[in-house]
Amino acid sequence: GLVSVLQRFYCVLTAQYLRCMLTVALWSLLPLFLVCGQSLAQLEILCKQLYETTETGVRLQAEKALVEFTNSPDCLSKCQLLLERGSSSYSQLLAATCLSKLVSRTSNPLPLEQRIDIRNYVLNYLATRPKLAAFVTQALIQLYSRITKLGWFDCQKDDYVFRNVIADVTRFLQDSVEHCIIGVTILSQLTNEINQADTSHPLTKHRKIASSFRDSSLFDIFTLSCNLLKQASGKNLNLNDESQHGLLMQLLKLSHNCLNYDFIGTSTDESSDDLCTVQIPTSWRSAFLDSSTLQLFFDLYHSIPPSLSPLVLSCLVQIASVRRSLFNNAERAKFLSHLVDGVKRILENPQSLSDPNNYHEFCRLLARLKSNYQLGELVKVENYPEVIRLIANFTVTSLQHWEFAPNSVHYLLSLWQRLAASVPYVKATEPHLLETYTPEVTKAYITSRLESVCIILRDGLEDPLDDAGLVQQQLDQLSTIGRCEYEKTCALLVQLFDQSAQTYQELLQSTNSSTIDITVQEGRLTWLVYIIGAVIGGRVSFASTDEQDAMDGELVCRVLQLMNLTDSRLAQAGNERLELAMLSFFEQFRKIYIGDQVQKSSKLYRRLSEVLGLNDETMVLSVFIGKIITNLKYWGQCEPITSKTLQLLNDLSIGYPFVSVRKLVKLSAVQFMLNNHTSEHFSFLGVNNQSNLSDMRCRTTFYTALGRLLMVDLGEDEDQFEQFMLPLTAAFEAVAQMFSTNTFNEQEAKRTLVGLVRDLRGIAFAFNAKTSFMMLFDWIYPAYMPILQRAIELWYHVPACTTPVLKLMAELVHNRSQRLQFDVSSPNGILLFRETSKMITTYATSMCLSGQDYPKLSQSFYSLLEVLTQDHMNFIASLEPHVVMYILSSISEGLTALDTMVCTGCCSSLDHIVTYLFKQLSRSTKKRPAAMATDDRFLHIMQQHPEMIQQMLSTVLNIIIFEDCRNQWSMSRPLLGLILLNEKYFADLRNSIVNSQPPEKQQAMHLCFENLMEGIERNLLTKNRDRFTQNLSVFRREVNDSMKNSSYGVNSNDMMS
């Protein structure tokens, strides 16, 4: 009995003792819980400040604190705490964003088990909280997608643990509508994530993952999306319900992401709707041979509201672009027939096309009809006559409503351009009917542009003519369309031009005509001149006939007559847009009808002779030059007209064919330009104190053209050259006079100098023959080189001054057409090099002393270092110690640069330095009669500062082991030399890395290092280096495998379990 009593007493005492100990333990943990609570509250406050505050200072402070949080060692545990206990959506967003950053990092990646735990945690979190804020759900799905993509090839017990994506979302799809939305969004986001390359990871790794995902999962996901869409379309969804509307939208996005996948790694630019082919894999054939897939999307388009139907049309655009080789001829014809039937059904019920997004996507769909199928295939479709009629009517209506979705017109014109271009090649017996409908399209475009002029002026709308790129794109398309049934196009243009020109002339002659009426007619004529130039340029697309050349002659005569009229009025008034249209016309006319390749018996020239008295090409060229001189005289202060005029002159002077240039040079107007290129005759050459220095850029083009024209008959005539250079000589003398005084007008000096060097650069560019170039060099050196040097000294900090001077020097040293091949006895090569190096030194010294930072120069700087260390190590070894240390510190910084080119260049430079050092050390151990002082000096610097080389050894080794090393071969070359120069330090570094591993991994890590140096001799011979490079590849792979399977050194307290 006593024993039992003692036992009960002992149990009571033990229980009391345990309660006491538990109480003490809880009180000891209380501060920790309080700290966690305070930390959580503080994080939520910071998140609110970051996302909600309007005060910049508060937001910046919050951002700084949160950046520190994301980099803290306990970030992972706090992220879970924020997700579990955070009361605001912003704190949940922060947690998801931080976790995405942690799983994405390339250095010190999270262990596999931990990433699996995070993946499972996120799925459970989304499943249990389907009504999170949309941006939080999106961030968590992004996190899941990132983990899945980066771990796509990770195995656990021979199982690819991140590939069961469809199984992961199945439970979402079997639950409520909100859960279904999450599940579909997961698949959609994952497809998009894997399709996009990540700059922080190698492109090869991205393509490997993308290809594996395409082959193993993508078709199943696409099939699932189509099946779900079929189910949804058969259930009469209530699309006024927000959740059901959202589910259908996500399903359509998923289908579109699957179809928009980069199947073969072409990485097309989405910003340029390229009319590309969708490279669907052969394994997908069944889905496209089954007409129900195509029919599904057409049925959806007709059954869902306009807010969703643009997504359906986007899917149809991709389906219509499926590669031709996916089908045989019969299958392709059947597929095309279903596609055309669907398009016909939309055109017969066009109500939804009043929505701009639907209209835009439908225009894209129409364009894909011809980009992927031949006209010979289209005409064989059963309903082709009806469909082409409907498309033509749709196009005409669209062009007439020019103000509605103007950016979509491109696709319609693209369709008709491709159709018209195919007409000469179609072999089918069925009629294509384009001779009926292309004139209607051409007429609709022309008349709608003319009618828009009055409305734009009346309502103050934006003028399409101001968008030169858009206008040129549409004109290029119209040039082909208009050449189909060209007789009708020409007749229409003649009729409209005559009406507008007659009205315009009457308004000018009338004393009471209004300015607005004149402006309207000028606007109409502007469009007509642009269009006439375009259709003349379209002559290259078709085999032209004499009759069509005669039609071109009719159009050209009218434009030249209009030019005579407008030029006669330039002293009173002019229209800039009309002048730009004239220049566009002249450019097209030059391409087609100027040159030896044109038959001079062409009926165009006959018509020009009959109407305007222009009997041959020389007279036509005189019209060109007359227009150029007129523009430069009256429009010298209008940069767009001046630059395009000078470009026309430049094109005429290029010299192909050479006969035309010889004809050009003989013209009195051209001789006038060669002898009078001064501001008195050409105002744009004047020094205008109101203009910017950058406004003088067109002067280079002008003098390039003049230089080419001068060279035609220049030969070795130095007197003619000197005569030509007189205005530039006077300008140089004026600048020299200014520089000789202490007080001068700096702005005037700058403008004079900048204009002068731009002129000289144009001449230097044109003088690509040795004789003419030597004339120029003898003229500029030695008389005027000091002036350029002085300008660099004075204005080194003004890029608008230094850039033109340096570009001139770059042109002078450019060995264009071997013009710098000086005679053996000539010192000119040395003189040119001396002057160039003096200018570079002057500029670089001034910039360095000014303390300005130019980060874009880093690539050039490191390229220079690479050349210096490769070929001039003796020179570097002779530099002052602080300069040597600066070079080494620059290389050390460059090793960690994000720019691969910079990093690779630094590796090469370091290799040259290390090799030089190793050779000098090897020589110093041998007996030599007299050691070179330079070598001893360089070795002494390195011995005094061993930490610099040791630091670079540590940096290179760290990058190879812990980071995503993209240039492993380059890194390996200096590493061997660094190890041989610092064997003791390398041993210490190796021991430190080994000891930092968990005990069970230390032996494996030690073995990795042993294998790294296996078979490596103590020299830097090529054979030894290559062996080391091979060892390093094996070393890096083994180390990464070892560390990937280890969770040591990372906060992995099973936080996501």
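**Rings, charges and a helix pair**

Mentor: At 10% relative accessibility, Y862 counts as buried. Keep in mind that the model is predicted.

Trainee: And F861, what does that count as?
Mentor: Partly exposed, because its relative accessibility is 32%.

Trainee: How are the rings of F861 and Y862 set, then?
Mentor: Their centres are 5.2 Å apart and their planes stand at 70 degrees, so the pair is edge-to-face. The cut-off for that class is over 60 degrees.

Trainee: How many aromatic pairs does a search of the whole structure find?
Mentor: The search gives 32.

Trainee: Give me another one. What about W779 and Y784?
Mentor: That pair is tilted, because the planes are at 55 degrees. The ring centres lie 5.0 Å apart.

Trainee: Are W779 and Y784 buried or exposed?
Mentor: Both W779 and Y784 are buried.

Trainee: Why quote two numbers for each pair?
Mentor: A ring pair is described by the distance of the centres and the angle of the planes.

Trainee: Which residues form an aromatic cluster?
Mentor: One cluster is made up of W152, F213, F219, F222, Y261, F263, W284 and F288.

Trainee: New topic: charges. What lies over the face of F153?
Mentor: K208 does, at 5.0 Å from the ring centre.

Trainee: And which ring does R483 sit over?
Mentor: The ring of Y486. The charged end of R483 is 3.9 Å from the centre of that ring.

Trainee: Let's switch to T137. Where is its place?
Mentor: In helix α6, which covers residues 134–150. T137 has a relative accessible area of 12%, so T137 is buried.

Trainee: What does T137 touch?
Mentor: Leaving out residues up to four places away in sequence, T137 touches L126, L132 and I182.

Trainee: Now helices. How do α14 and α15 cross?
Mentor: At roughly 145 degrees, with their axes coming within 12 Å. Helix α14 spans residues 329–348, and α15 spans residues 356–372.

Trainee: Left-handed or right-handed?
Mentor: The crossing of α14 and α15 is left-handed.

Trainee: Which residues meet there?
Mentor: From α14, L339, V343, I346 and L347. From α15, F362, L365, L366 and L369.

Trainee: And by class, how many are nonpolar, polar or charged?
Mentor: Eight residues in the contact of α14 with α15 are nonpolar, with no polar and no charged ones.

Key: Residues numbered from 1 in each chain as written. Predicted model: local features only at pLDDT ≥ 70, side-chain atom pairs only at ≥ 80, totals over all residues. Heavy atoms only, no water. Phe/Tyr/Trp six-rings, centres within 6.5 Å; stacked < 30°, edge-to-face > 60°. Buried < 20%, exposed > 50% of the residue type's maximum accessible area, 1.4 Å probe, protein only. Lys NZ or Arg CZ within 6 Å of the ring centre and 35° of its normal. Helix = DSSP H or I, 4+ residues; strand = E, 2+ residues; numbered from the N terminus. Contact = heavy atoms within 4.5 Å. Axes fitted to C-alpha atoms, helices over the stretch in contact; angles between N-to-C directions. Left-handed = near helix turned anticlockwise from the far one by under 90°. Nonpolar A, V, L, I, M, F, W, Y, C, P; charged D, E, K, R; others polar.
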